[in-house]
Amino acid sequence: MKTVFKGGVTAVALFAAYAVQADQEANLVINEDIEITVRADAPEHLENLSTIYSGWVFRSSETQALQMDDFENPGMIFVDDAIEAWNTVEGSEGESCASCHGAPEELAGVRAVYPKWNDEAEEVRTIAMQVNDCRTSQMGAEEWKYDGGDMINMEALIASVSRGMTVNVATDGPAQSMWEKGRDIYYTRFGQLDLSCANCHEDNYDNNIRADHLSQGQINGFPTYRLKNAKLNGVHSRFRGCIRDTRAETYGVGTEEFIALELYVASRGNGLSVEGPSVRN
């Protein structure tokens with residue numbers, strides 16, 4: 001990433017001095033059955049936060065309600081599409097996702113620990129990377145676009161069967177160097193606005209920036225259905241949007257930089273529940 005300009009606008013000038021009122025004491029229970037942890041003690045590796053909050057806490061009561069019922073959650077339409085893809089035979093090997101994994105529920109717990117180190121490939125892998133590896137090596141099928149509709153839908157399906165499970169992304173061992181790279185990116189200021197991820201989501205969460213009520217930027221709810229663009233959104237696409245908002249050149253979807261950033265940001269949510277597909281502004 002290239003910084004276009006540094007120091008022209010300070011972060012403080014952008015943030016309102018008041019917080020938009022939200023029901024931060026609300027609790028999320030999906031379908032009156034799946035209890036979601038939306039606030040937890042911060043993981044030990046976070047030095048500047050004592051409590052972590054799901055982005056759901058900072059949304060309006062109307063938006064919160066959409067996620068409490070799968071029949072109201074618009075993101076679940078895309079989960080249904082992914083179930084069809086899950087059972088579809090593709091590629092030269094005559095296999096489907098179901099051929100190896102059975103029902104999607106067999107992947108319960110996967111979303112809670114990704115991104116994670118893959119010993120065989122000797123790299124940190126996101127769910128998208130693992131899905132594409134399965135498609136090419138097991139199914140003999142073509143890769144999906146990293147942040148394309150098919151991939152984001154499949155990520156939403158995989159997340160949905162882990163809802164309520166505790167995020168527990170590893171930050172040590174062979175993944176540590178990538179985690180540290182992601183941490184460095186998180187705290188680096190970029191762009192004409194001279195902002196880092198931390199300036200918004202650590203220093204100013206619960207404040208208002210223009211019309212947006214800032215959250216802690218947790219990604220336990222991804223993929224997320226955004227009312228703003230009426231579709232499911234992936235983590236890397238959201239990273240790109242945030243960095244563009246600082247008026248800087250950004251990294252590409254699926255790049256090493258964004259994989260590292262995803263690993264680090266995911267670990268900031270250790271202790272919250274998987275809740276995707278979530279609903280946000």
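This is a predicted model: local features need pLDDT of at least 70, side-chain atom pairs count only at pLDDT 80 or more; totals for chains, interfaces and linings use all residues.
Ten salt bridges are found when the whole structure is searched. One of them joins the side chains of R59 and D212, with an N to O distance of 3.8 Å. This pair connects distant parts of the chain, 153 residues apart: R59 belongs to the loop between strand 4 (51-53) and helix 1 (61-67), whereas D212 belongs to strand 8 (residues 212-213). R59 is buried, with a relative accessible area of 6%. D212 is partly exposed, and its relative accessible area is 35%.

A salt bridge is also formed by the side chains of R163 and D70, at 2.8 Å from N to O. R163 is located in the loop between helix 5 (149-160) and helix 6 (176-186), and D70 in the loop between helix 1 and helix 2, so this pair ties together parts that are 93 residues apart in sequence. R163 has a relative accessibility of 12%; the limit for a buried residue is under 20%, and R163 therefore counts as buried.

## The network around R125 and D133

The side chains of R125 and D133 meet in a salt bridge with an N to O distance of 3.5 Å. Through salt bridges that share partners, E123, R125 and D133 are joined into one network. R125 counts as buried, at 10% relative accessibility. D133, by contrast, is partly exposed, with a relative accessible area of 25%.

D133 is part of helix 4 (residues 127-138). When neighbours within four places in sequence are left aside, the contacts of D133 are with R125 and Q138. Between D133 and E143, which are ten residues apart in sequence, the C-alpha to C-alpha distance is 7.8 Å.

## Negative charge on the surface

A patch of negative charge on the surface is made up of D80, D81, E84 and D150. Helix 2 (residues 76-86) supplies the largest share of this patch, namely three residues. D80 is situated in helix 2. The relative accessible area of D80 is 51%; since exposed means over 50%, D80 is classed as exposed.

## The surroundings of L107

With a relative accessible area of 16%, L107 is buried. Apart from its neighbours within four places in sequence, L107 is in contact with W86, H101, I158, V161 and S162.

The separation of L107 from D212 can be stated in two ways: the two residues are 105 residues apart in sequence, and 35 Å apart in space from C-alpha to C-alpha. D212 is the residue whose side chain meets that of R59 in a salt bridge.

## Cis peptide bonds

Most residues other than glycine have a negative phi, and most peptide bonds are trans. The peptide bond from Y114 to P115, however, is cis, with omega near 0°.

P277 lies in the loop between helix 9 (256-268) and strand 11 (278-280).

## Positive phi angles

N31 is not a glycine, yet has a positive phi of about 60°. The position of N31 is in the loop between strand 1 (28-30) and strand 2 (34-36). N31 is partly exposed, with 33% relative accessible area.

A positive phi, of about 55°, is also found at D194, which is not a glycine either. D194 is part of the loop between helix 6 and helix 7 (197-201). The relative accessible area of D194 is 14%, and this residue is buried, whereas N31 is partly exposed.

Conventions
Residues are numbered from 1 along each chain as its sequence is written. Side-chain values use heavy atoms; hydrogens and water are left out. Patches are made of residues with over 30% relative accessible area and no salt bridge: like charges are joined within 9 Å, nonpolar side chains (Val, Leu, Ile, Met, Phe, Trp, Tyr) within 5 Å. Accessible areas come from the Shrake-Rupley method with a 1.4 Å probe; for residues, only the protein chains shown count as cover. A salt bridge is a side-chain nitrogen of Lys or Arg within 4 Å of a carboxyl oxygen of Asp or Glu. Lys and Arg count as positive and Asp and Glu as negative; His and the chain ends are not counted. The place of a charge is taken as NZ of Lys, CZ of Arg, CG of Asp or CD of Glu. Helices (H or I, at least four residues) and strands (E, at least two) are DSSP runs, numbered from the N terminus. Buried means under 20% relative accessible area, exposed over 50%, partly exposed in between (1.4 Å probe, protein chains only). Contact means heavy atoms within 4.5 Å.
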